[in-house]
Amino acid sequence: MSQVHPPKVGFVSLGCPKALVDSERILTKLRSTGYEVAPSYDGADVVVVNTCGFIDSAREESFAAIQEAMNENGRVIVTGCLVGEAAQIREEHPNILAVTGPQQYEAVVSEVQKAAPIDHNPLLDLVPAEGVKLTPRHYAYLKISEGCNHKCQFCIIPSIRGPLQSRPIHKVLREAERLVEAGCEELLVIAQDTSAYGLDVKYKPEPWKNEMVATRFRELCDGLGSMGAWVRLHYVYPYPHVDEVIPMMADGKILPYLDIPFQHASPTVLKAMRRPAHGEKVLDRLETWRNICPDIAVRSTFIVGFPGETDADFEMLLNWLDKAELNRVGCFKYENVEGARSNDLPGHVDEAVKEERWHRFMAKAQEVSQRVLAKRVGRDIEVVVDEVDEEGAIARSQWDAPDIDGCVFLNGETDLAPGDRLQVTVTHSDEYDLWAEPVRN
Ligand code: SF4
């Protein structure tokens, strides 16, 4: 006999968009197996904690989340990037039900089934074709590959997630098509290195819409760009072949937006970090891109205080930032990560110096952002609405990714709904955000 009430699974998702995609996949599988998702620890028969182990503060947050789930519920399965710490997790919590690694969707589902068995066959069509989304319905992350072939000295992701493994292009395009059919207005393309897509499979052609299409960055952008949704590229490196997609941005096929984690501008620091494309002349490349697509927005992240970074390296970074006029930047102070090779490098920077550099970096970034945003005032632009409350709508422009970039505030526009796309006139700007009103014909 079938259970009247299917078991409920609590879910805690930590970490980056890639981890969020893992969580979505696990939830999709659990829902398709007949489980319900519990909104609180109380009502959950078992709790899954998807952890992040990227930097020490993320590890601490993950350990704290496990502790909380154990205190509040006690029936806990841990998954994700903290798998390298399985021994410590088990030592601290001998009653933990299971510890599995990133992308081990099936293992998590089978552990949930052991912990809270379900005794009826699910109806697969109860699951929306686009899967269970943790993001709002109008945008979705599209993971195109796993792993990474690089060896950045501060990063342990390749040792956790392995080398680059690209998903076949027809599978990625099919997933994107389903998302768009289900109402998704914006696809956020993610991977550890999006521009390396297909390298591992030697750009293998796959069947898609009566043609053979190569599993490659350009073809991917081409395919996604024909679906009618916004397509936003994250985690791209400034390799020469990225130039090929800039005309697609100029033509409006994909968003004029590139998220490129530069991390630094000093060649000495970049070399010490072993960053991909560290020898590229980035300012020249930015100029070329802006000549083809003047509206392109570039967002990036940086690390200050990497071992060996001198005052001169840091000044070079500030100057570079001024010249590069990036639209959005984030900055981290270097932290040792257990297992990272950079821990053993000479010349670790004093915490007080890191702090001071971080503040100077952020002040410069704010000055540049204010300057760049002021140029938008008076323009008519397209935005997508993310949220609506009693004061109005909070939207985003094509130059802003959700969660990490700025907003476009539409004060008083309470009749809009999340996912609406409309033309607005920008009326005001500050350091990070824009204000606008709908274009009225
Ligand atoms: S490119 Fe570098 S930082 Fe990014 S995942 Fe690969 S090794 Fe880590």
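User: Angles under 35 degrees count as roughly parallel, over 145 as roughly antiparallel, 65 to 115 as roughly perpendicular and the rest as oblique; which of these describes α11 and α12?

Analyst: This is a predicted model, in which local features need pLDDT of at least 70 and side-chain atom pairs count only at pLDDT 80 or more, while totals for chains, interfaces and linings use all residues. Residues are numbered from 1 along each chain as its sequence is written. Helices (DSSP runs of H or I, at least four residues, numbered from the N terminus) α11 (residues 311-324) and α12 (residues 351-374) pack with axes 10 Å apart, each axis being a line fitted to C-alpha atoms over the stretch in contact, with angles running from 0 to 180 degrees between N-to-C directions. Their angle is about 10°, and α11 and α12 are therefore roughly parallel.

User: How many residues in the contact of α11 with α12 are charged?

Analyst: In contact (C-beta atoms, placed from the backbone, within 7 Å), F314, L318, L321 and D322 of α11 meet α12 residues including R357, R360 and K364. Asp, Glu, Lys and Arg count as charged, Ala, Val, Leu, Ile, Met, Phe, Trp, Tyr, Cys and Pro as nonpolar, and the others, Gly among them, as polar. The contact has six nonpolar residues, no polar ones and, as charged residues, four.

User: Which helix gives the most to the side of domain 1 that touches domain 2?

Analyst: The domain assignment, automatic or from a database, includes domain 1 (8-126) and domain 2 (139-374). Their contact takes 11 residues from domain 1 and 10 residues from domain 2. With four residues, the helix that gives the most on the domain 1 side is α1 (residues 17-32).

Note on methods: Two residues are in contact if their C-beta atoms, placed from the backbone, lie within 7 Å. Helices (H or I, at least four residues) and strands (E, at least two) are DSSP runs, numbered from the N terminus.
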